[in-house]
Amino acid sequence: MSSPKVLVTCPPMLGLFEEFREQFDRYGLTGVPAEVTQTMSEEELITVLPAYDAWIIGDDPASAKVVEAVAPTLRAAVKWGVGVDNVDFDAFERAGIPVTNTPGVFGNEVADVALTYLLGLARETYRIDREIRQADAWPKPSGISPVGRTVAVVGFGDIGRQTVKRVLACGSDVLVYDPASPDDLPEGAALASWPERLNEADFLVFTAPLNDATRGMFNEELLPQLKQGVRVINVGRGPVVREEALLKGLRSGVVHSAALDVFETEPLPSDSELRSFDRCIFGSHNGSNSADAVRRVSHLAIEKLAGMLR
């Protein structure tokens, strides 16, 4: 009897795939790397997945359409990582296919990126680097210091908690927005109700997952409530920030600059107006991708999948 075949479509895991073959073998599984840069389309998945017994999902559309098409052959799936907005859990349940994710695994890694973005926007270090390299310039922009500034952090899950800890170490004051109203905030952080007190924030950091409550939280209606010159950071999910609203804020100067690891459309289109704002910092939805974290989460995903297949 042949071993169950597992399709892997998660780019960070694919980057270190050879390291995981031994663990696949140990569990009697055959891991197969997909050819993908960011995500596979529904049509590609419907074509490819029927040849596999299991799936380690990246940010691909694990939609009802896909699940219904592969239900006769797919036996189990694991969403690699924390975010599950791309997974239709109800569709998996209807099809009788067990599915889970790997929660609470990237708080430190994504918070590290959030902090580097915050400091990069504050002191314009990325912009300085670009101008030295690309324009043979020697710029000396006057940035701002995080000490004594107010940082609004949206979301107080694992990523938000770790971000708050790092920001407090910079000497900033922190406002936390989270519908769960956590009562264990560290000293120096205060709970606020969205969007109250946003006019105090020098930095606005989104760490929240994508759901009905967070989709489009940053929108045009929010702009008049922001402090002039606020710096916006998103390390959560792209659609939490409506990019047209962000562009309007950047054009007017209400938003000084933005640092985005995630976007409404990924990869960022080559004709996106966001590219014209040289103070901004852009990532490639790569906040969780440290080699240490990828190894840890990939091993966990394989272990969970093996358990479900047994």
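**Exercise 1. Is Trp80 buried or exposed? Then state which aromatic pair joins Trp80 and Phe106, and why the pair has that class.**

Solution.
Step 1. Trp80 has a relative accessible area of 4%. Buried means under 20%, exposed over 50%, and partly exposed in between (1.4 Å probe, protein chains only), so Trp80 is buried. The model is predicted: local features need pLDDT of at least 70 and side-chain atom pairs 80 or more, while totals for chains, interfaces and linings use all residues. Residues are numbered from 1 along each chain, and side-chain values use heavy atoms, without hydrogens and water.

Step 2. Phe106 is buried as well, at 5%.

Step 3. The structure holds 6 aromatic pairs. Rings of Phe, Tyr and Trp (its six-membered ring) pair if their centres lie within 6.5 Å; planes under 30 degrees apart are stacked, over 60 edge-to-face, the rest tilted. The ring centres of Trp80 and Phe106 are 5.2 Å apart and the planes stand at 40 degrees, so this pair is tilted.

Step 4. Trp80 sits in the loop between strand 4 (76-79) and helix 5 (89-95), and Phe106 in the loop between strand 5 (99-101) and helix 6, so the pair ties together parts that are 26 residues apart in sequence. Helices (H or I, at least four residues) and strands (E, at least two) are DSSP runs, numbered from the N terminus.

**Exercise 2. Classify the pair formed by the rings of Trp194 and Phe206, and describe the peptide bond between Trp194 and Pro195.**

Solution.
Step 1. The ring centres of Trp194 and Phe206 are 6.1 Å apart with planes at 65 degrees, so the pair is edge-to-face.

Step 2. Trp194 belongs to the loop between strand 8 and strand 9, whereas Phe206 belongs to strand 9, so the pair ties together parts that are 12 residues apart in sequence. Trp194 is partly exposed at 28% relative accessibility; Phe206 is buried at 0%.

Step 3. Together with Tyr177 and Phe218, Trp194 and Phe206 form one aromatic cluster.

Step 4. The bond from Trp194 to Pro195 is cis, with omega about 0 degrees. Pro195 is in the loop between strand 8 (189-191) and strand 9 (203-206).

Step 5. Arg197 lies in that loop between strand 8 and strand 9 too. The phi of Arg197 is positive, about 70 degrees, although Arg197 is not a glycine. Arg197 is partly exposed, at 37%.

**Exercise 3. Where does His256 lie, and which residues does His256 contact beyond its sequence neighbours?**

Solution.
Step 1. His256 is part of strand 11 (residues 255-260) and is buried at 18%.

Step 2. Contact means heavy atoms within 4.5 Å. Leaving aside neighbours within four places in sequence, the contacts of His256 are Leu121, Glu124, Gly229, Val230, Arg231, Leu250 and Arg279.

Step 3. Take Glu124 from this list. Glu124 is in the loop between helix 6 (107-123) and helix 7 (125-135) and is buried at 6%. Glu124 is not a glycine, yet its phi is positive, near 55 degrees.

Step 4. The loop between strand 11 and strand 12 (281-282) contains Pro267. A cis peptide bond joins Glu266 to Pro267, with omega about -5 degrees.

**Exercise 4. Which residues does Ile56 touch, not counting those up to four places away in sequence?**

Solution.
Ile56 touches Val6, Leu7, Val8, Thr9, Cys10, Met13, Phe24, Val78, Trp80, Ala301, Ile302 and Leu305.
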